[in-house]
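These are my notebook entries on a structure that I went through for the first time. I set down what I looked up, topic by topic.

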Amino acid sequence: MQRAWVLALGLLTVVATLTLVSLMFAAPATDSPSATEAEPADNSYCLVCHLNYQEEGLTGGHQAVGVGCEQCHGLSDKHSADEDNITPPDRMFPKKEINGFCCECHPRTELVKDTDHEDLYSPEPEDDDETCTECHGLQHRLKVRTRIWDKKTGRLISDDGVRMMAGSTGEGKEERDAKPETPTALFDRENLVAWCIVPFDAKKRGPDQRAAMLESLGIRQLAYDWRAEHVPTFDAELDALDRHNIKLTAFWFPPTLDANARAILDVLKRHNVRTQLWVTGHGGDLSASPEQQAERVKAEVERLRPIAEAAAEIGCTVELYNHGGWFGEPENQIAIIEQLKMPNVGIVYNLHHGHGHVDRFAALLEQMMPYLHALNLNGMTRDGESRGQKILPLGQGELDLDLLRTINVSDFRGPIGILNHTDEDAQTRLQDNLDGLTWLVAQLGGQPPGPKPEPKSWRPAEK
Ligand code: HEC
Ligand code: HEC
Ligand code: HEC
Ligand code: HEC
C-alpha cells in the first residue's frame, strides 16, 4: 500500500519535515478530503464550546497535519448546533475501538518497529489492554462530564439537566428508559465475585465449606476478606479455592505493610497466585483547602507506593477501595493514582460506600474508567445509608435498574462483585443477589419486569 509506505518513511524520520508532511498528504488521496491538504485543520467550529482542546496535544499534533476534530469525530453539525447539548457528536469511541481507529492511519506493522510500542502491540489486531490514548490522549479526556452518551448507540445516559432553550423537547428520562439495550456479558455468572462472605457469614463456614458453597451457586470468583482469626487459615483457604476451581480475584489488604500484610504477600507468593489487593484509606473529612488537598495526595502516594511495589514483585495489583471520607471520593483516588504513576494501581468501586455519589454516578464511572478494575454492586435506595438501608439485596432498591443500565453501556468489563456484608447466611444473601440480578438484567434487555423476587435474607419491614 502506497500510504503505508509513505507513513513508514515518516516514522523512520526523526524530524518530520514539512516537505515530508505534505508528501504524506499528497499520497493518500483516497481518505478524508481535508486530510489530503497539507494545511492545518480548522477546528474553530468545535472550539467555540470545546475551548479546552486549543492547547491539547492529540488535537494539536493532528491539527498541524490537517487532521481536525472532524476527521476523528465526524462533522457533528447537529451536535454543534444543539444549544441544549444533548445531541451526541457523530463519532465517539468505546475503549475497544480506539486502537483499531488510530491504526487506520498508523499501521501496526509500522508502530511496532518503534521501541515505545513493540512490547505493547503485536502486528495483529488483538485485544490490547492499553489504548493509544492512555499515552497519547490523557489530556484529551475531560476531568468533569456533564453529559454521558452511550458511545455505540449515541443514547443519552445521563446529564446535568441544564437546558438552555426554553420549552426544549430534549429526550426525557422516560423516553430514554423505554429504549432497551442488550445486556452485556458483564453480569454473567462467570464474571461475578463473592465479597464480604468470610467474617460476614451467620454459618461461620471454614475454607472448604465456603469454596464448596460458591461452587454450588455457580460463582467462580472470590474476593477474600478476613479478620485476625483467619490469618492461620490463609493457606487452607487458597488450597480449598484451588480444589473447587474458584479464582481468588481479590484479597483485602492492610493500609500499611504490617505483619499481616507480609503474611498475605507471602501466602500469595508461595501459592503463585496473582490477584488484586484491595486497600482503603480515610485521609480526613471531605472539605480540604488546596494546600491540604496537595498534602493528602502526597501522603497517600507515600503510604501506597511501598505496597504497590511489593505487589508488583509478585505480579499483583493494588486497587484503591472507597470506604467513605476523603479517600472514598473517586476524584481523590484518581489524583493519587496519577501522582503515583504505577501501572499496577487502580480502583475498586463499591456502591454501598457511594450513596452520596448516585446522582453523578454515570459521570464518575466515566472518570474512573481508565483505572477501574472491579465494581461491587448491591441494592441501592436513595439516602439508604442515613436511613439504615446501606446494603439491600440487588433488585430491592429503586435505583438499581438505572445504575445497572449505566454500568451496562459503559466500557467497564471487569469483574462485578456481589456481597453479603450482613449477619445473614452468606449463601442465602448471595442467592438473593443472584435472583435480583437476573430480574434486573432481563429488564435491561427490554423484557417486562415480571414479579420482583422476594429475598429470603431481607425484608423491607424489618429494616
Ligand atoms: C454548542 C456547544 C458545542 C459545540 C459547538 C460542539 N460541542 Fe462537542 N460537546 C458539547 C458538550 C456540552 C459536550 C458534553 C461535555 C461534558 O460532558 O461536559 C460535548 C461533548 C463532545 C464529545 C464527547 C463525546 C463522548 O465521547 O462522550 C465529543 C467527541 C465532541 N463533543 C465533539 C465535538 C466536535 C467534533 C465538535 C465540532 C464539530 C463539537 N463537539 C462542537 C458542546 C459542543
Ligand atoms: C486520519 C488519519 C489519522 C488518524 C485517524 C490518526 N492519526 Fe495520528 N497522525 C496522522 C498523521 C498524518 C500524522 C503526522 C505524521 C506522523 O507523525 O505519523 C500523525 C501524527 C501522530 C503522532 C505524532 C505527532 C504528535 O502529535 O505528537 C501521534 C503520537 C499520533 N499521530 C497518534 C495518534 C493516535 C493516538 C490516534 C488515535 C486516537 C491517531 N493518531 C489517529 C494521521 C492520523
Ligand atoms: C505506553 C505508552 C504508549 C502507548 C500505549 C502508545 N504509544 Fe505511541 N508513542 C509512545 C512514545 C513514548 C512515543 C515517542 C514519543 C512521542 O512522540 O510522543 C510514541 C510515538 C508515537 C508516534 C510517533 C511515531 C514517531 O516515530 O514519531 C505515533 C504515530 C504513535 N506513537 C502512535 C500510537 C498509536 C496509534 C498507538 C495505539 C495503537 C500508540 N501510539 C500507543 C508511547 C505510547
Ligand atoms: C486523532 C483523532 C482525534 C482528534 C483529532 C480529536 N479527537 Fe477527540 N477523541 C478521540 C478519541 C480516540 C477519543 C476517546 C479517548 C478515550 O476514551 O481515551 C476522543 C474523545 C473526545 C472527547 C471525550 C473526552 C472524554 O472525557 O471522554 C471529547 C469531548 C473530544 N474527543 C473532543 C474533541 C474535539 C473538540 C476535538 C478537536 C478540537 C477532538 N476531539 C479531536 C480522537 C480524536
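**Entry 1: the shell around ligand 1, by class**

I sorted the shell around ligand 1 by residue class and found 9 nonpolar, 7 polar and 5 charged residues. Here Ala, Val, Leu, Ile, Met, Phe, Trp, Tyr, Cys and Pro count as nonpolar, Asp, Glu, Lys and Arg as charged, and the others, Gly among them, as polar. I note that this is a predicted model, in which local features need pLDDT of at least 70, side-chain atom pairs count only at pLDDT 80 or more, and totals for chains, interfaces and linings use all residues. Residues are numbered from 1 along each chain as its sequence is written, while chains are lettered from A and ligands numbered from 1 in the order in which they are written.

I then asked which residues come nearest to ligand 1. Of the 21 residues around this ligand, they are C46, C49, S80, N85 and T146; a residue is near a molecule or strand if its C-beta atom, placed from the backbone, lies within 6 Å of it. At least two shell residues each come from α3 (44–47), α5 (69–73), α6 (77–81) and β1 (147–149). The most is given by α5, with 3 residues. Helices (H or I, at least four residues) and strands (E, at least two) are DSSP runs, numbered from the N terminus.

**Entry 2: the shell around ligand 4**

I counted 20 residues around ligand 4, and the closest are H50, C69, C72, T133 and L142. The elements α3, α4 (57–64) and α5 each supply at least two residues of this shell. By class, the shell around ligand 4 holds 10 nonpolar, 9 polar and 1 charged residues.

**Entry 3: the barrel**

I traced a closed barrel of 8 strands, in the order β3-β4-β5-β6-β7-β8-β9-β10, with parallel pairing. From one strand to the next, the twist averages 30 degrees. Two strands pair if DSSP finds at least two bridges between them. Strands of a sheet pair through backbone hydrogen bonds, either parallel or antiparallel.

I looked at two of these pairings. Strands β7 (residues 317–321) and β8 (residues 345–350) pair in the parallel sense over 4 bridges, and L320 has I347 in β8 as its bridge partner. Helix α15 (residues 290–313) packs on the sheet and touches β6 (276–279), β7 and β8. The direction of α15 makes about 140 degrees with that of β7; axes are lines fitted to C-alpha atoms, for helices over the stretch in contact, and angles run from 0 to 180 degrees between N-to-C directions. β6 and β7 also pair in the parallel sense over 4 bridges, with Q276 opposite T317 in β7.

Is β7 enclosed or open? I found 5 of its 5 residues buried, so β7 is largely enclosed by the rest of the structure. A residue is buried if 20 or more other C-beta atoms lie within 10 Å of its own, exposed if 12 or fewer, and partly exposed in between, with C-beta atoms placed from the backbone. T317, E319 and Y321 point one way from β7, V318 and L320 the other way, and all are buried.

For β8, 6 of the 6 residues are buried, so this strand too is largely enclosed by the rest of the structure. V345, I347 and Y349 lie on one side of β8 and G346, V348 and N350 on the other.

In helix α15 I picked out V297, which counts as buried with 21 C-beta neighbours inside 10 Å. Not counting residues up to four places away in sequence, V297 touches A335, I336 and Q339; two residues are in contact if their C-beta atoms, placed from the backbone, lie within 7 Å. V297 and Q339 are 42 residues apart in sequence and 7.9 Å apart in space, C-alpha to C-alpha.

In helix α12 (residues 207–217) the buried residues are P207, R210, A211, M213 and L214. Seen down the axis of α12, they fall within an arc of 160 degrees, so they line one face of the helix; the arc is that of the directions from the helix axis to the C-beta atoms. Their cover includes β3 (192–195), β4 (221–224), α13 and α19 (426–444).

**Entry 4: a positive phi**

I noted that N245, a residue other than glycine, has a positive phi near 60 degrees. N245 sits in the loop between α13 (234–243) and β5 (247–253) and is exposed, with 10 other C-beta atoms within 10 Å.
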